[in-house]
Amino acid sequence: MSEKEIRGASEAEIAVLWGEEPYVYPSTEFIAQANMTDPGIYKRFSLENFPNCFKEYADLLDWYEYWHTTLDTSDAPCWKWFVGGKINASHNCVDRHLARHRNKTAIHFVPEPIEEKTEHVTYQELWVRVNEFAALLRDFAKLKKGDRVTLHMPMVPELPIAMLACARLGVIHSQVFGGFSGRACADRIVDSQSRVLITMDAYWRNGTLGDHKKNADIACELAARDGQKVDTVLVWQRYPGKASSPTPMVKGRDHYVNELLPDFYGARVEPEKMPAEDPLFLMYTSGTTGKPKGCQHSIGGYLAYVAGTSKIVLDIHPEDVYWCMADIGWITGHSYIVYGPLALGASTVVYEGVPTFPDAGRAWRISQDLGVNIFHTAPTAIRALRKLGPEEPAKYRYRYKLMVTVGEPIEPEVWRWYHAVVGKGEAAIVDTWWQTETGGFLCSTLPALKPMKPGSAGPGVPGIHPVIFDEEGNAIPGGTGRAGNICIRNPWPGGFQTIWGDRERYVRQYYARYCRNPQSKDWRDWPYMTGDAAVEAADGYFRILGRVDDVINVSGHRLGTKEIESAALTVPEVAEAAVVPVAHEIKGKEPDLYVSLKPGFSPSAELEERIGQAVVREIGKIAKPRKVWIVRDMPKTRSGKIMRRVLAAISNKKDVGDVTTLANPEVVEEIARMAG
Ligand code: WTA
């Protein structure tokens with residue numbers, strides 16, 4: 001059997017072994033207050049009414065000018081939505097709420113140290129701060145419409161403020177997850193050609209005020225080496241007026257934002273009237289091949305999509321307090337901490353630190369104190385909270401009406417704890433399946449209309465028409481228990497427009513496989529391939545089985561195997577590296593790193609440590625291997641391909657299957673003895 005066949009077979013097997021869970025119904029109390037209780041929505045968003053159905057979402061926004069074309073397919077598969085429309089995301093998330101919600105909290109900022117007070121940023125204050133920072137970006141940093149700027153910010157209100165200031169000017173922001181290394185930041189600076197970096201000197205994480213400024217220095221140095229000079233670094237101070245990082249400021253390049261801001265006191269910046277299909281931001285994500293991809297998201301289509309889905313899936317009402325525990329450095333944070341909730345005028349919580357600091361009750365205390373009633377997190381956090389404090393939620397008097405899970409498949413058992421204990425048996429749950437590329441949700445139940453099913457994301461959300469294709473491109477019908485590649489039949493406004501600077505890769509990776517005719521300008525010929533494997537049940541609910549490509553999902557974050565392997569190869573002794581996912585109780589998956597050495601070098605604990613550190617340095621702590629295994633040789637096919645599947649089986653203590661066709665079956669046994 002080929003590798004592909006083996007993989008296909010095992011996916012199908014998982015599906016068959018995994019029994020159907022019974023439905024769980026939302027309470028009548030939830031249904032009575034829900035935003036979307038009209039089952040007619042599915043009909044309104046059927047393919048018959050495509051693409052005009054999405055006007056319903058776009059109408060949630062303020063437009064300077066209405067569009068003349070809902071969907072322009074002339075440059076397929078680069079879709080253009082709401083063409084001719086003029087809009088500004090900053091206006092929609094801030095200014096337009098002033099008339100009715102000026103004094104309402106837009107952002108509740110919860111610092112990690114418990115002795116520090118929560119900051120409640122009203123819409124008025126947000127407006128003032130966004131305007132002043134926008135003026136600084138324009139007049140001091142000389143940024144203008146269409147420029148890209150890299151942000152490497154932690155979870156503080158200055159991050160959404162910087163994003164919204166960019167959006168106000170039509171500047172394209174590219175926020176790099178704060179936990180990523182200077183190296184990872186440099187790669188993204190180079191790819192997006194940013195000459196300005198916005199960062200913060202330090203931030204709290206797990207009880208430590210860590211030096212973050214040092215990453216900016218590394219990023220600028222490495223970016224310059226790769227040909228991209230950063231001439232301006234804007235450094236927010238975690239404690240304005242006080243330097244919290246020992247790393248010195250570079251004269252002429254680095255500037256403390258709070259020292260510059262007084263010059264812009266009282267400044268107001270008219271939001272740019274931007275074409276709807278201009279880019280709002282780039283979000284880098286890991287793919288199968290080395291280089292991270294800059295997913296380019298539009299202003300009008302994206303904002304309409306996240307506003308619409310925040311309203312009908314997250315059920316956000318203006319009076320709700322909504323807390324999504326994701327990091328704004330990931331797409332979940334962009335769409336469902338910042339843009340979606342703020343477009344609806346909600347109160348959104350930004351928490352600086354880890355949910356279990358200083359103890360497993362923190363998340364529930366925050367919820368109780370702020371009156372959080374919508375709670376959004378990932379299976380990895382749910383598992384951690386369950387492990388550390390299974391009885392904790394019962395001690396607090398918060399009350400959730402809705403809870404969200406995102407980022408990886410949730411085990412039914414974990415789902416039931418989330419529902420019974422965190423949700424106290426009364427909160428509805430939505431399991432939202434989607435991707436960085438897709439901008440917003442693809443599959444989820446509508447919480448008042450469809451019952452929940454533990455472990456299943458649910459049907460496509462309105463306007464999303466998923467289909468599962470087999471290897472030959474035949475649609476696999478629901479209820480057969482057979483798994484395949486889950487694709488989306490139609491474009492939708494939240495989908496990314498292209499990979500920044502690499503249209504060819506965009507087409508090849510997401511569309512080429514199932515495209516019916518590369519010349520076609522008809523969207524029906526261009527199903528979008530998500531790269532996930534899934535099964536569809538008879539009721540049209542989709543269960544996601546995980547990635548079909550070489551991406552490891554650690555704590556709900558996609559890490560490219562190639563990126564981790566390249567990091568290992570920066571250690572001079574390393575000849576080859578292969579990384580595989582290992583099941584982990586809390587994180588979901590963890591990388592296990594196998595390396596072979598160049599001739600003349602021998603294994604040692606010191607070398608293992610150095611290789612692990614190289615991964616942390618190049619990518620960040622999040623990618624740190626569980627274990628570095630130094631092996632004599634990698635199991636390989638006769639054509640020389642490293643058999644990651646075999647290594648994964650060993651790491652996970654599973655049967656390696658038939659390895660007799662390999663070029664070197666004897667090393668498999670050797671590795672199994674060592675790592676098994
Ligand atoms: C996985 C995060 C199962 C999936 C929004 C997808 C999920 C990848 C779910 C995207 C879910 C996300 N159930 N798997 N509810 N949500 N995934 O780009 O494999 O960081 O392709 O976007 O995470 O990860 P990304």
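## Helix 15 against helix 16

In this predicted model, the crossing of helix 15 and helix 16 is left-handed, a crossing being called left-handed if the near helix is turned anticlockwise from the far one by less than a right angle, and right-handed if clockwise. Helix 15 covers residues 379-388 and helix 16 covers residues 412-422, where helices (H or I, at least four residues) and strands (E, at least two) are DSSP runs numbered from the N terminus. Their axes come within 10 Å and cross at roughly 70°; axes are lines fitted to C-alpha atoms, for helices over the stretch in contact, and angles run from 0 to 180 degrees between N-to-C directions. Helix 15 and helix 16 are therefore roughly perpendicular to each other, given that angles under 35 degrees count as roughly parallel, over 145 as roughly antiparallel, 65 to 115 as roughly perpendicular and the rest as oblique.

On the helix 15 side the contact is made by I382, R383, L385 and R386, which meet E413, V414, W417 and Y418 of helix 16, contact meaning heavy atoms within 4.5 Å. The residues of this contact of helix 15 with helix 16 divide into 5 nonpolar, no polar and 3 charged (Ala, Val, Leu, Ile, Met, Phe, Trp, Tyr, Cys and Pro count as nonpolar, Asp, Glu, Lys and Arg as charged, and the others, Gly among them, as polar).

## Helix 8 and its two partners

Helix 8 (residues 158-169) packs with helix 13 (residues 331-343) at an angle of about 60°, their axes being 12 Å apart, and the two helices are therefore oblique to each other. The crossing of helix 8 and helix 13 is right-handed. From helix 8, the residues P160, M163, L164 and A167 meet H334, V338, Y339 and L342 in helix 13, and the residues of this contact divide into 7 nonpolar, 1 polar and no charged.

Helix 7 (residues 123-139) also packs with helix 8 at an angle of about 60°, with the axes 8 Å apart, and helix 7 and helix 8 are therefore oblique to each other. The crossing of helix 7 and helix 8 is right-handed. The residues of helix 7 that take part include L126, W127, V130 and F133, and those of helix 8 include I161, A162, L164 and A165; the residues of the contact of helix 7 with helix 8 divide into 12 nonpolar, 1 polar and 4 charged.

## Surroundings of the ligand

The ligand has 17 residues around it, of which D431, T432, T436, D532 and R558 come nearest, a residue being near a molecule if one of its heavy atoms lies within 4 Å of it.

Several polar contacts can be given, a polar contact being a pair of N or O atoms within 3.5 Å; within protein, one must be able to donate a hydrogen and the other to accept it, and residues adjacent in sequence count only if both atoms are side-chain atoms. An oxygen atom of the ligand is 2.5 Å from an N or O atom in the side chain of T436, and an oxygen atom of the ligand is 2.8 Å from an N or O atom in the side chain of R547. For G407, a polar backbone atom is 3.0 Å from a nitrogen atom of the ligand.

## T122 at strand 5

T122 belongs to strand 5 (residues 119-122), and, leaving aside its neighbours within four places in sequence, it is in contact with R102, N103, K104, T105 and A106. A polar atom of the T122 side chain lies 3.0 Å from the backbone nitrogen of E125. T122 and S347 are 225 residues apart in sequence, while their C-alpha atoms are 8.9 Å apart in space.

## Backbone details in loops

The peptide bond from F50 to P51 is cis, with omega near 0°, and P51 lies in the loop between helix 3 (40-44) and helix 4 (55-58). A cis peptide bond with omega of about 0° also joins A76 and P77, and P77 is found in the loop between strand 1 (69-72) and strand 2 (80-83). Q193, although not a glycine, has a positive phi of about 50°, and Q193 lies in the loop between helix 9 (182-192) and strand 8 (196-200).

## Basis of the description

Residues are numbered from 1 along each chain as its sequence is written, and side-chain values use heavy atoms, with hydrogens and water left out. As this is a predicted model, local features need pLDDT of at least 70 and side-chain atom pairs count only at pLDDT 80 or more, while totals for chains, interfaces and linings use all residues.
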